[in-house]
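Biologist: I'd like to learn how to read a model like this one. Could you walk me through it, one feature at a time?

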Amino acid sequence: MKRVVVTGLGAITPLGNTVESFWKNILAGKSGIGPITKFDTSKFKTHFAAEVKDFNPESFLDKKEARKFDTFTQYAIASTDEAIADAGLDFKSMSDDQLAEVGVIWATGNGGISTFEQQLAEFHQGDGTPRFSPFFIPKMIVDIAAGAISIRHKLRGPNYCTVSACASSNTAIINAFDTIRLGKANIMVAGGSEAAITEASVGGFSAAQALSKRNDSPETASRPFDESRDGFVMGEGAGALILEDLEHALNRGAHIYAEIVGGGMAADAYHLTGTPPDGLGASLGMKKALHDAGITPDKIDYINAHATSTGLGDLSELNAVKTVFGDLPVVIGASKSMTGHLLGAAGAVESLISILAIRDGIIPPTINTTKLDEKIPEGLNIVLGQCIEKEINYVLNNTFGFGGHVASTIFKKYEA
């Protein structure tokens with residue numbers, strides 16, 4: 001099968017709207033979490049989230065065009081524009097045959113949820129006459145970001161959306177990886193976006209007892225593995241990757257960030273929203289990713305943990321890590337302590353972190369965690385408080401979602 005490399009990155013995040021600004025703030029251990037500004041939270045138990053700041057869709061879309069898209073699609077377009085430029089790709093100069101070899105697999109967990117809420121609210125506040133926007137359906141449906149990216153750049157290869165809750169964008173990356181290595185495309189735009197900081201979304205997760213209520217100190221609310229963690233912090237944004245057939249990338253002289261070498265998908269088959277205490281599904285996903293990459297657990301230098309800061313979820317994942325890695329000195333980090341949980345976009349944004357960690361030989365810190373939960377298995381090497389400089393050859397990136405979805409990816413330092 002063909003080798004697949006990463007040649008472009010793009011980001012819209014609570015810590016910066018470019019890859020390098022995001023990475024700078026991650027390494028500085030900054031928190032992107034603060035009071036919610038998108039709606040009045042006075043009736044809610046949770047008043048904070050990790051919002052994207054200073055985002056203006058009209059900086060890359062004209063006003064009329066921007067109105068056609070929900071925010072999650074705007075984030076998708078902005079991040080992919082950066083990734084495409086970063087990869088040095090000029091799709092306008094490509095022939096129809098070449099564009100037929102370029103595809104898009106884009107993920108989201110919630111799609112246009114803000115559009116859905118807005119349109120229903122306007123309907124019920126009116127006289128009952130159905131006056132929905134003609135853009136309602138195309139703004140709302142989950143696959144529209146993939147379609148919008150394809151249309152914007154005339155990309156005629158495989159095009160669809162993956163939805164597996166918070167594992168969605170890791171699933172998209174794995175599918176794009178498989179598409180290229182099986183020879184079904186030369187280039188794939190892959191990633192995910194989410195814009196679900198809305199009344200219904202915050203209210204629903206709050207009702208499920210999933211969100212932190214640390215309203216007096218939101219910037220410290222996301223504290224993975226800490227004994228005082230009380231739930232996750234919702235985030236939003238997008239992460240975009242350009243995946244490319246190695247030979248194609250070399251022929252055009254592309255810059256190569258890293259190689260993607262493995263992807264594993266599995267299921268907890270346990271509970272709609274909970275994870276099994278032993279982390280069976282997670283351990284299966286990690287084992288499958290290692291098998292796919294053709295490596296043993298001792299090769300992994302860094303695990304970017306899913307680590308949402310929920311009581312049972314964090315322990316389930318670490319039990320799974322212990323099952324797969326035993327007492328190996330792999331370093332475990334939890335970047336959601338800074339970004340919050342970007343739901344369907346989490347895997348893509350954390351893939352950026354994984355790839356940049358390989359590039360720079362730096363593992364970002366886990367902030368806010370001051371006292372590890374005593375139930376955590378012994379012998380695990382969790383990075384806390386500050387970055388670690390380390391040569392990194394392999395990174396494992398975990399994501400898990402409601403419904404028991406598991407998706408783990410492995411990135412490798414590129415060697416000719």
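Predicted model: local features only at pLDDT ≥ 70, side-chain atom pairs only at ≥ 80, totals over all residues.

Biologist: Into which domains is the protein divided?

Modeller: Domain bounds come from an automatic or database domain assignment. Here that gives domain 1 (4-252) and domain 2 (263-413). Their C-alpha centres lie 21 Å apart, and the contact (heavy atoms within 4.5 Å) takes 64 residues from domain 1 and 63 residues from domain 2.

Biologist: How much area do domain 1 and domain 2 bury between them?

Modeller: Buried area is the accessible area (1.4 Å probe) that two parts lose on being put together, summed over both. For this pair the figure is about 4700 Å², with 66% of it on carbon and sulfur atoms. On the domain 1 side, Trp23, Cys166 and Phe225 lose the most area to domain 2, together 19% of what that side buries.

Biologist: How many salt bridges does the rule find across the interface?

Modeller: The rule asks for a side-chain nitrogen of Lys or Arg within 4 Å of a carboxyl oxygen of Asp or Glu. It finds five across the interface of domain 1 and domain 2. Elsewhere in my notes there is the pair Arg181 and Asp292, whose side chains meet in a salt bridge at 2.9 Å, N to O.

Biologist: Where does UniProt place the feature "active site"?

Modeller: At Cys166, according to an unreviewed UniProt entry. UniProt positions are given in the numbering used here, feature names are shortened, and annotations may be inferred rather than shown by experiment. Cys166 sits in the loop between strand E5 (159-162) and helix H8 (168-181); helices (H or I, at least four residues) and strands (E, at least two) are DSSP runs, numbered from the N terminus.

Biologist: Is Cys166 buried or exposed?

Modeller: Buried means under 20% relative accessible area, exposed over 50%, and partly exposed in between (1.4 Å probe, protein chains only). Cys166 has 12% relative accessibility, so it counts as buried. Beyond its neighbours within four places in sequence, its contacts include His306, His341 and Phe400.

Biologist: Why is strand E14 described as largely enclosed by the rest of the structure?

Modeller: Because eight of the eight residues of E14 (residues 394-401) are buried. In a regular strand the side chains alternate between the two faces of the sheet. In E14, Tyr394, Leu396, Asn398 and Phe400 point one way and Val395, Asn397, Thr399 and Gly401 the other way, and all are buried.

Biologist: Which strands pair with E14?

Modeller: Two strands pair if DSSP finds at least two bridges between them. Strand E9 (residues 302-304) pairs with E14 in the parallel sense over three bridges, while eight bridges join E14 to the antiparallel strand E15 (residues 405-412). Asn398 has Ser408 as its bridge partner in E15.

Notes:
Residues numbered from 1 in each chain as written. Heavy atoms only, no water.
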